[in-house]
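Thanks for coming. Please look at the sequence and the structure while I talk.

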Amino acid sequence: MEFCPKCGSVILMNDKKASCARCSYKPKGTIKIQSTESIAKGSGIVIIDERKANTNPVVQIKCPKCKNNEAYFWTLQTRSGDESETKFYKCKKCDYTWRKYR
Ligand SMILES: [Zn+2]
């Protein structure tokens, strides 16, 4: 987690851009992020690889179709950053996929 050097708030990663949650400060340098992101050199833009298949965490939730109790879980952020993210679930057993708005 990164913190804004101006106001100390958390730096948010949103649509591949980083900015401070409170004062909208944008870091110029690269931001350290754990895992597999690649960084476009010189531009300071962090490119996040597309989420790879089968790396989604499994959560315990009941499938509305087959009542299985385990499903893959991931979220997608809508384009306008102030809308809440959409949660997706995919049943481990029958591959049924459904979504949940917050
Ligand atoms: Zn199912």
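**D95 and its surroundings**

D95 sits in the loop between β7 and β8. Its phi is near 65°, a positive value in a residue other than glycine. Most residues other than glycine have a negative phi.

Before going on, a word on what we are looking at. This is a predicted model, where local features need pLDDT of at least 70, side-chain atom pairs count only at pLDDT 80 or more, and totals for chains, interfaces and linings use all residues. Residues are numbered from 1 along each chain as its sequence is written.

As for confidence, pLDDT is the predictor's confidence in each residue, from 0 to 100. The mean pLDDT of the protein is 76, and 68% of the residues reach 70 or more. Residues 33–40 have a pLDDT below 50, and this stretch has 13 contacts in the model beyond near neighbours in sequence. Two residues are in contact if their C-beta atoms, placed from the backbone, lie within 7 Å. Where pLDDT is low, the predicted coordinates should not be read in detail.

Now the elements. How many helices and how many strands are there in the protein? There are zero helices and eight strands. For the terms, helices (H or I, at least four residues) and strands (E, at least two) are DSSP runs, numbered from the N terminus. Read from the N terminus on, the order is β-β-β-β-β-β-β-β. Of the 102 residues, 7% count as buried. Among the contacts with a separation of 6 or more, 20% are between residues 24 or more positions apart.

Next, the sheet. Four strands form an open sheet in the order β5-β6-β7-β8, with antiparallel pairing. Why is one side of β5 and of β8 left without a neighbour in the sheet? Both stand at the edges, each with a single partner strand, so one side of each has no neighbour there. To count as a pair, two strands need at least two bridges between them, as found by DSSP. In general, strands of a sheet pair through backbone hydrogen bonds, either parallel or antiparallel.

Take the pairs in turn. Strand β6, residues 71–76, pairs with strand β7, residues 86–91, in the antiparallel sense over six bridges. On this pair, A71 has C91 in β7 as its bridge partner, and Y72 stands opposite K90 in β7. Strand β7 is also joined to strand β8, residues 97–101, by five bridges, and these two run antiparallel. Here the bridge partner of T86 is Y101 in β8. β7 and β8 form a hairpin with five residues between them, and D95, where I started, is in the turn.

That loop holds another residue to look at. K93 also lies in the loop between β7 and β8. K93 is partly exposed, because 13 other C-beta atoms lie within 10 Å. Which residues does K93 contact, leaving aside its neighbours within four places in sequence? They are C63, C66 and N68. K93 and N69 are 24 residues apart in sequence and 8.9 Å apart in space, C-alpha to C-alpha.

Now the loop between β5 and β6, where K65 has its place. K65 is partly exposed, with 13 other C-beta atoms within 10 Å. Leaving aside neighbours within four places in sequence, K65 is in contact with C91, C94 and Y96. The C-alpha atoms of K65 and T97 are separated by 9.5 Å, and the two are 32 residues apart along the chain.

K67 lies in the loop between β5 (58–59) and β6. K67 has a positive phi of about 65° although it is not a glycine. Is K67 buried or exposed? K67 counts as exposed, because it has 10 C-beta neighbours inside 10 Å.

Last, a residue from another strand. S19 is found in strand β2, residues 17–20. S19 is partly exposed, with 18 other C-beta atoms within 10 Å. Not counting residues up to four places away in sequence, S19 touches I11, L12, N14, S24, Y25 and K26. The C-alpha atoms of S19 and F3, 16 residues apart along the chain, are separated by 9.8 Å.

Conventions. A residue is buried if 20 or more other C-beta atoms lie within 10 Å of its own, exposed if 12 or fewer, and partly exposed in between; C-beta atoms are placed from the backbone.
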